[in-house]
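Please look through the structure shown here before reading the report that follows.

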Amino acid sequence: MTMGKDKLLLEAIALKKCIHVSYNRDAVKMAPHILYTRHGELYIDAVVIERAGRPPRERKLGCYKVDGLTGMVLTQDKFSVEPVYDAADPKYADSTVFAI
C-alpha cells in the first residue's frame, strides 16, 4: 500500500468523510469505518453510499481488501456511523489499525 493511500484512508476515517474508489470496475462512493489487518493484508469495512451513481438496495457494512481499491479520492461528503458497525466485533480484536 502506498503512503498516499494509507494517509488518505486514515484521514477519511478520522474525519468521517467518504471516499470515491474503483472496485470491480465500478465507481463506488463509500464510508470507511475501520482499517484492520487479516492474514497480513490490509482491509477496510465500509458502507457503500453509491455504486455506479446509484444508491445500493441495502445499506450494509462490507469488507474490502485495500489492494483492490484503485483511484482512491477523498471527498468532502461527511457520513454518520452506521448502526451495523460494531467496534467490539471479535474479527477486529488485535488487528485494528485505525477506526472511527
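## Aromatic rings

Rings of Phe, Tyr and Trp (its six-membered ring) are said to pair if their centres lie within 6.5 Å, and the pair is called stacked when the planes are under 30 degrees apart, edge-to-face when they are over 60 degrees apart, and tilted for the rest. By this rule the model has four aromatic pairs. One of them joins Y36 and Y43, which are stacked with 6.1 Å from centre to centre and 25° between the planes. The rings of Y85 and Y92 form a tilted pair, because their planes stand at 40°, with the centres 6.2 Å apart.

Ring pairs link Y36, Y43, Y85 and Y92 into a cluster. A residue is buried when its relative accessible area is under 20%, exposed when it is over 50%, and partly exposed in between (1.4 Å probe, protein chains only). Both Y36 and Y43 are buried, Y85 counts as buried at 11% relative accessibility, and Y92 counts as buried at 3%. R38 lies over the face of Y43, at 4.5 Å from the ring centre; for such a contact, NZ of Lys or CZ of Arg must be within 6 Å of the ring centre and within 35 degrees of the ring normal.

## Basis of the values

This is a predicted model, in which local features need pLDDT of at least 70 and side-chain atom pairs count only at pLDDT 80 or more, while totals for chains, interfaces and linings use all residues. Residues are numbered from 1 along each chain as its sequence is written, and side-chain values use heavy atoms, with hydrogens and water left out.

Strands (E, at least two residues) are DSSP runs numbered from the N terminus, and two of them pair if DSSP finds at least two bridges between them. Strand β1 (residues 17-23) is largely enclosed by the rest of the structure, because five of its seven residues are buried.

β1 pairs with strand β5 (residues 70-78) in the antiparallel sense over four bridges, and here H20 has V73 of β5 as its bridge partner. β1 also runs antiparallel to strand β2 (residues 26-38), to which five bridges join it, and Y23 has D26 of β2 as its bridge partner. The hairpin of β1 and β2 has two residues between the strands, and N24 takes a positive phi near 50° there.
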